[in-house]
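Thanks for coming. I will take the structure piece by piece, and you can follow along on the screen.

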Amino acid sequence: MTFNAFLQNLSNGISLGFLFALIAIGYSMVYGVLNLINFAHGDIFMMATFFAYYAIAFFSLPWGIAFFLAIILTAVLGVLVDRFAYRPLRNSPRISCLCSAIGMSFLLENFAIVVFGGRPKAFFRPEVFTKVFTISGVRVHSVSIVTPIIAILALLVLSYIIYRTKVGLAMRAISRDFDTANLMGININKTIAFTFAIGSGLAGIGAILWALRYPQIYPYMGIFPGWRAFAAAIMGGIGSIRGATLGGFLVGVLTIMIVAFLPALAGYKDAFIFIGVIIVLLWKPKGLFGED
Amino acid sequence: MSILKTDSIYMQFGGLTAVSNFNLKLKEGELVGLIGPNGAGKTTIFNMLTGIYKPTKGKIYYYDQKINGLGVDKITSLGIARTFQNIRLFSNMTVLDNVKVGAHVHIKSHVWKAIMHWPSYLQEENSIDERSMELLKVVHLEDLKDSLAGSLPYGEQRRLEIARALATNPKLLLLDEPAAGMNPQESSDLMEFILDMQNKFKLTIILIEHDMKVVMGICKRILVIDYGKTIAKGKPLEIQHNPEVIKAYLGVEAATNYA
Amino acid sequence: MIRKKMKNNNKLNCIVILLIIISIFFVERNFDAYIIRILNLCAIYIILGVSLNLINGFTGQFSLGHAGFMAIGAYTSALLYMSPELKEVNYFITPLIWPLSVIHLPFVFSLIIAGLVSAGVGFLVGAPCLRLKGDYLAIVTFGFAEIIRVVFNNLQSVTNGPIGLKGLPTYTNLWWSWGIAVLTVLVVKNLVNSSYGRALKSIRENESAAEAMGINLFFHKSLAFVVGAFFAGLGGALLASLVMTIDPNTFSFLLTFQLIVIVIVGGLGSITGTIISATIIAVLMELLRAVEAPMNIFGLHIPGIPGMRMLIFSILLMSVVLFFKKGLMGNKEWSWEGLFKKLFPRQREIKEGD
C-alpha cells in the first residue's frame with residue numbers, strides 16, 4: 001500500500017474515530033450514572049438524522065436551523081426514553097432494565113420503519129459539505145475537516161460541564177456512589193435526565209456529521225455505528241469519558257485499517273468488533289484504559 | 001493432628017494489610033471465639049479460611065491438606081462451612097430448598113441420572129429430603145418449610161442460614177456474628193443452641209461475635225484481633241483482664257483505669 | 001413420600017401425553033395446512049422458550065445468544081439431511097466441501113448430531129462467561145451469536161454464505177415438533193426440580209452464597225448452557241425444516257428478541273408460563289401478519305403497514321417489562337397438586353382439622 005493510501009485511510013479512520021467517540025460518550029455517561037447499557041442509544045442516533053431530514057424536507061427550514069433543532073430534539077428524545085423506559089425501573093432487578101433497553105431499541109427501529117418507511121432516504125447535504133480538498137495527494141472531504149473541529153468543541157463544552165458545573169458534579173457523584181449521592185440531597189432524576197440529554201445531544205451531533213458523510217439514512221442505520229461506538233466505550237472502559245474517546249479512535253482507525261490492509265477479511269469486520277469486545281471483557285473487564 | 005492449622009497467614013490488598021501473621025491451631029471439637037473491634041479483619045480471616053480470598057502469604061492446612069488456593073466450593077466439599085455476617089439466603093427459594101441446596105455438594109448421582117429419575121437418584125433425593133427436614137426441626141423452622149426464605153423475620157433467617165450450612169455436612173463450622181441483632185433472651189437461646197449443635201453433629205466451631213456474653217459464655221478459647229494483628233490469645237477470663245484487649249475496645253484511658 | 005408423589009404425577013403426566021398424541025392424530029387429519037403450520041410453530045417456540053428459560057430464568061444467566069445456537073443446529077442438521085443432489089443445486093457458486101458434500105443421513109440422526117454440536121458450542125460460549133455478570137454477559141453472548149452469523153455469512157464453501165439453503169425437505173411435522181417439545185419440557189422440568197436444579201436456582205439467587213455452599217459455578221453454569229443450547233439446536237433444526245429456506249440472517253437478534261419476550265411474558269423461572277406465552281406469541285405473530293397486509297374495512301382500502309407487527313411486539317415487551325414485571329406466572333409452576341388445591345379447597349381444610 002502506498003504511503004498516500006495509508007494517509008488517506010488514516011485520515012478517514014481518525015475522522016470516523018471522532019464520530020464513534022461522540023456516540024461512545026453517550027453510552028459511557030449513561031452507564032456511569034445508571035449502570036445500564038442503553039441499547040437504544042444507536043437508535044436515538046438514527047432518529048436524529050430523521051429529525052434533521054424532515055425539518056428540511058417537510059418544514060423547509062434552513063439547514064443550520066434544521067441541524068440545530070434536530071440535535072435539541074434528539075436530546076429531548078433521550079430524556080423521554082429515560083423517563084418512560086428506565087426511570088420506572090430504577091428499583092427493579094437489572095434484567096428488567098436490560099429488557100427495557102432492548103425493547104426500547106426495537107421500538108424505535110420499528111417506529112421508524114412504520115412512520116418513515118424502510119427505504120433509505122437521501123440526506124440533504126449543504127454545498128459546503130460536499131467539497132473535497134486535495135492536500136499533498138490525499139483527498140480530504142470537507143466533512144472530515146469539520147468533524148474533528150465540531151467534535152473537539154463538543155468535548156470541550158462537555159468537559160466544562162462535567163468538571164466545572166454543579167450538574168456535572170452531581171453526575172460524577174452519582175456515578176461514584178448512587179445511594180450516597182441520593183442521601184446528600186442530589187436530585188437523582190433530574191441529574192440522570194440531564195445526563196441523557198447531553199449523551200443524546202452528542203449522539204445527535206455525531207448523527208448529523210455521520211449523515212453528511214454517508215448521506216443514506218434508514219431505520220436500521222443506528223445498528224452499525226451503535227455497536228461500534230459501544231465496543232469503543234467498552235474497550236475504553238465503560239463509565240469513563242476519556243476511555244470512550246480513546247476507544248472511539250481505536251475503533252475508528254481499526255475499522256478502516258482492517259478493511260484497507262486485509263481486504264480478504266472485510267466480510268468479517270463485524271465479527272472482529274465483537275471478538276475485540278469479548279476479549280476485553282474477559283481479560284480486562286475494566287477496559288483497556290482502566291476505569292475513570 | 002489438628003483439624004485446622006494456619007501458618008502465619010497474611011492478607012494484603014494493594015498497600016493495605018488487612019490481616020497479618022495470623023496463627024491458629026485448632027483441635028477437633030474446640031469452640032473458639034474470634035473477637036475484635038469492627039473492621040479488625042475477622043471476616044477477612046473467615047474469607048481466607050473458606051477460600052474467598054487467597055492469602056498473600058502463609059499456608060492453611062485442613063487436617064493435613066493444604067487448602068489455601070483451593071476454590072470455595074472445593075473447600076466446602078472438604079468439610080468447612082460458614083454463615084455470613086450479612087445474611088445471604090436464597091430469598092426466592094423455599095426454606096426447605098435453601099437447606100437442600102446445602103446437601104447438593106455431596107450428591108453422588110450424575111446429572112443424567114437425575115433427569116431420568118433413576119432409582120438410585122430418587123433414593124438420594126429422598127434422603128436429602130429427610131435430612132433437610134431433620135435439620136429444619138433442629139432449628140425449629142419445620143413449619144415454615146414451604147415459605148419463601150426472603151419472607152422470614154430476621155432471627156429465623158439467621159437460623160435458616162445455620163441449617164443450610166449444616167446441610168453441607170461440615171466438620172468445621174464458621175459462624176459470623178450469629179447473634180447480631182438478637183435480644184438477650186434470643187442470644188441466650190442461641191448459646192444453648194450452638195452447644196447443642198456442636199454436640200449433636202460433632203463439630204469444631206470458630207465463632208465471630210461482638211456479644212461478649214455469648215463469647216465468654218461458650219468459647220473455651222478466644223483470639224482477639226485488632227487492625228489485622230492478633231493481640232491476645234487465651235481463656236475467656238484471661239482475655240477479659242488483658243490490658244491490650246481493653247485498650248483496643250475501649251481506648252487507652254479505659255485500659256490505664258482498669259489496670 | 002416423594003416417591004409416592006412422583007408416582008401419581010407420572011400417571012397424570014402420561015394421561016396428558018396420551019391426550020396430546022390423540023390430538024395430533026385428530027388435527028393431522030382434519031385441519032388445514034395453515035393451522036398445522038401454526039401448531040408446529042407453537043411447538044418450536046415452546047422448545048426455544050423453555051431452553052432459553054433454563055439459562056436466563058432458572059440459572060439467572062442473561063444470555064442473548066440463543067439465535068446462534070439455533071443457527072448451528074439448523075445448518076448442521078440441514079447439511080446432514082440434504083441429499084447430495086440438493087446440495088449441488090444449492091452450492092452453485094462455491095461447491096460444498098467434502099465430506100459434507102456426500103453425507104446424507106436420516107432426519108433423526110441429523111437432529112441428534114445437530115443438538116450435540118449446538119450443545120458443544122453452548123459449552124464454548126458459556127464456559128468463558130463464568131465470571132461475567134448481567135449486562136456484560138448479555139453482550140458477550142450477543143457477540144458470540146453475531147460472530148456465528150458473520151462467520152456463516154462468509155464461509156461460502158460450508159454454509160453457502162448469504163445465499164443460504166433453499167428447498168429444504170419438510171421433515172418437520174406435528175409428531176416431531178410436539179414430540180421434541182414434550183421431551184424438552186420433561187428434561188428441563190426434571191432437571192429444574194432435581195438437586196441440580198436447586199443448585200442452578202441458588203446461583204441465580206446469590207452466586208457467592210451458592211459457591212460457599214459447595215456449588216461449583218463452572219460446572220453448573222456450563223450445564224445450563226449445554227442443555228439450553230442442545231434444545232435450541234433442535235429447535236433451530238426443526239424450524240429450518242419447517243420454513244424450508246434458511247440463511248445466516250434468519251437467526252438474527254430479532255429471533256432472540258422474540259424468545260426473550262416469550263420468556264419474560266411467561267415469567268422467568270416458570271416452565272408453565274413459557275409454554276403458555278410461547279403458544280400465545282406464536283399465534284400472535286401469525287395473526288399480526290394481517291396488520292401488515294392490506295385490509296378492506298367498510299369499503300376503505302387500508303394499505304398494509306410493514307413493520308407494524310414488530311412495533312406492536314416491542315410495545316408488548318415494554319408493557320410487560322414496565323407493568324407486569326413477573327410475567328404471567330412469575331416463578332410459579334402449574335402442578336397437579338396446585339390444581340387439586342384450587343379445585344377442591346374444602347378437602348384440604350378437613351385434612352388440616354385432623
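In what order do the six strands of the open sheet in chain B lie? Before I answer, note that this is a predicted model. The order is 6-7-8-3-9-10, and the pairing is mixed. At the edges stand strand 6, residues 80–82, and strand 10, residues 229–234, of chain B. Each of these has a single partner strand, so one side of each is left without a neighbour in the sheet. From one strand to the next, the twist averages 20°.

Let me look inside that sheet. Strand 3 of chain B, residues 31–35, runs parallel to strand 9 of chain B, residues 221–226, and four bridges join them. To give one pair, B:V32 has B:R221 in strand 9 of chain B as its bridge partner. Helix 1 of chain B, residues 42–50, packs on the sheet. This helix touches strand 3, strand 6, strand 7 (172–176), strand 8 (204–208) and strand 9 of chain B. The direction of helix 1 of chain B makes about 150° with that of strand 7 of chain B.

Chain B also has a hairpin, formed by strand 1 and strand 2 of chain B, with two residues between them. Strand 1 covers residues 4–13 and strand 2 covers residues 16–26; they pair in the antiparallel sense over seven bridges. B:F13 stands opposite B:L16 in strand 2 of chain B. In the turn, B:G14 has a positive phi of about 60°.

Now a word on backbone angles. Most residues other than glycine have a negative phi, and most peptide bonds are trans. B:N21 sits in strand 2 of chain B. B:N21 is partly exposed, with 15 other C-beta atoms within 10 Å.

B:K202, also not a glycine, has a positive phi of about 55°. You will find B:K202 in the loop between helix 7, residues 184–201, and strand 8 of chain B. Is B:K202 buried or exposed? B:K202 counts as exposed, because there are 10 C-beta neighbours inside 10 Å and the cut-off for exposed is 12 or fewer.

In chain C, the peptide bond from C:W98 to C:P99 is cis, with omega near 5°. C:P99 lies in the loop between helix 4 (84–90) and helix 5 (107–126) of chain C.

On to chain A and the core. The largest nonpolar core has 274 residues, and the members that touch the most others are A:L22, A:A48, A:I208 and A:A232. Which element gives this core its largest share? Helix 1 of chain A, residues 3–34, does, with 15 residues. Take A:A232 as an example: leaving aside neighbours within four places in sequence, its contacts include A:F20, A:A21 and A:A24, as well as A:A244, A:L250 and A:V251.

Helix 1 of chain A also packs against helix 5 of chain A, residues 142–164; their axes come within 9 Å and cross at roughly 35°. The crossing of these two helices is left-handed. On the side of helix 1 of chain A, the residues that meet helix 5 of chain A include A:S11, A:S15, A:F18 and A:L22. Among those they meet in helix 5 of chain A are A:S144, A:T147 and A:P148. By class, this contact has seven nonpolar, four polar and no charged residues.

Last, the contacts between chains. How many residues of chain A are in contact with chain C? There are 31, and they touch 32 residues of chain C. Helix 4 (94–116) and helix 11 (269–283) of chain A are the elements that give two or more residues to this side of chain A. Helix 4 of chain A gives the most, with 15 residues. By class, this side of chain A divides into 22 nonpolar, seven polar and two charged residues.

Chain B meets chain C as well, with 30 residues of chain B in contact with 24 of chain C. Helix 2 (72–78), helix 3 (95–103), helix 4 (111–115) and helix 5 (119–138) of chain B each supply at least two residues. The largest share, five residues, comes from helix 5 of chain B. This side of chain B has 12 nonpolar, 10 polar and eight charged residues.

Notes. Residues numbered from 1 in each chain as written. Chains lettered and ligands numbered in written order. Predicted model: local features only at pLDDT ≥ 70, side-chain atom pairs only at ≥ 80, totals over all residues. Core = buried A, V, L, I, M, F, W, Y, C linked by C-beta atoms within 7 Å. Buried ≥ 20, exposed ≤ 12 C-beta atoms within 10 Å, placed from the backbone. Contact = placed C-beta atoms within 7 Å. Axes fitted to C-alpha atoms, helices over the stretch in contact; angles between N-to-C directions. Left-handed = near helix turned anticlockwise from the far one by under 90°. Nonpolar A, V, L, I, M, F, W, Y, C, P; charged D, E, K, R; others polar. Pairing = 2+ DSSP bridges.
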